[in-house]
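Let's take a walk through this protein together. Have a look at the sequence and the fold, and then read on.

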Amino acid sequence: MQEIVLTLPLVDHKLAILRNKETGTKEFREIVKELASFLCYEALRDAKTSEMEIDTPICKTTVKMIDENKYAFVPILRAGISMVDGVLNVMPNAKIGHIGLYRDEETLNPVEYYFRMPKDIALREVLLLDPMLATGGSAVNAITQLKKRGVTKIKFLCIIAAPEGIENVKRNHPDVQIFCTAVDEKLNEKGYIVPGLGDAGDRIFGTR
């Protein structure tokens, strides 16, 4: 499946708090961070491991480990920044890139203003981060830019996705898996996800 929805009672509980308009900025940020960690665990389910020998306090043993240098986390600014600490809790040695995009409020199309990646980004698997997958325009643009730099394996992690956004990514980048905690009903006339949780960036940074 191209989209994988993380369905767990604790995830549903956390998501319910995020959706509530009365939830404050501090709690909102903390939950986005937690859900990002959960999504990262799921996205790395297929991570390759290699065996190595270590010393435990008792004896030598063979263990399996992931090469963290093969991964990079790339948040789409600005809201994607809120997910970085959560994924770094899971894989602290991964490199970080940044893509700056904002949505033109009239056309709803993404406008790129910043792009900065590790020099060896083409050799890494990229986990692209953005709390919301609405129209899918920003995700498609970001994936296209990463592929132009030689990245061949990309996964997109978000908290909430709209069907329209999923279809947009599928149509343009059928090789990219989408990991989310919920697929909502639709987009409204302003391009917001329904029922959604409002503007994630505004709620994360307290600018609503």
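This is a predicted model: local features need pLDDT of at least 70, side-chain atom pairs count only at pLDDT 80 or more; totals for chains, interfaces and linings use all residues.

Residues are numbered from 1 along each chain as its sequence is written, and side-chain values use heavy atoms, with hydrogens and water left out.

Let's start inside. A nonpolar core here is a set of buried Ala, Val, Leu, Ile, Met, Phe, Trp, Tyr and Cys residues joined through side-chain atoms within 4.5 Å; buried means under 20% relative accessible area, exposed over 50%, and partly exposed in between (1.4 Å probe, protein chains only). The largest such core has 37 residues, and Phe73 and Leu127 are among those with the most contacts inside it. Helix 2 (25–43) and strand 4 (71–77) are among the elements that each supply at least two of its residues, with helix 2 giving the most, eight. Helices (H or I, at least four residues) and strands (E, at least two) are DSSP runs, numbered from the N terminus. Apart from this core lies another, of 26 residues, including Val140 and Phe156.

Three strands form an open sheet in the order 9-11-13, with parallel pairing; two strands pair if DSSP finds at least two bridges between them. Strand 9 (132–133) and strand 13 (182–183) stand at the edges with a single partner strand each, so one side of each has no neighbour in the sheet. Two bridges join strand 9 to strand 11 (residues 160–161), and Leu133 has Ala161 as its bridge partner in strand 11.

Finally, the charges. Side chains of opposite charge can pair when their charged atoms come close. Counting a salt bridge as a side-chain nitrogen of Lys or Arg within 4 Å of a carboxyl oxygen of Asp or Glu, the whole structure has 14. One of them joins Lys26 and Glu30, with the closest N and O atoms 2.6 Å apart; these two are four residues apart in helix 2, about one helical turn. Lys26 is exposed, at 60% relative accessibility, while Glu30 is partly exposed, at 38%.

Another salt bridge links Glu125 and Lys153, at 3.7 Å between the closest N and O atoms. Glu125 lies in strand 8 and Lys153 in the loop between helix 4 (137–148) and strand 10 (154–157), so the pair ties together parts 28 residues apart in sequence. Glu125 is buried, at 9%.
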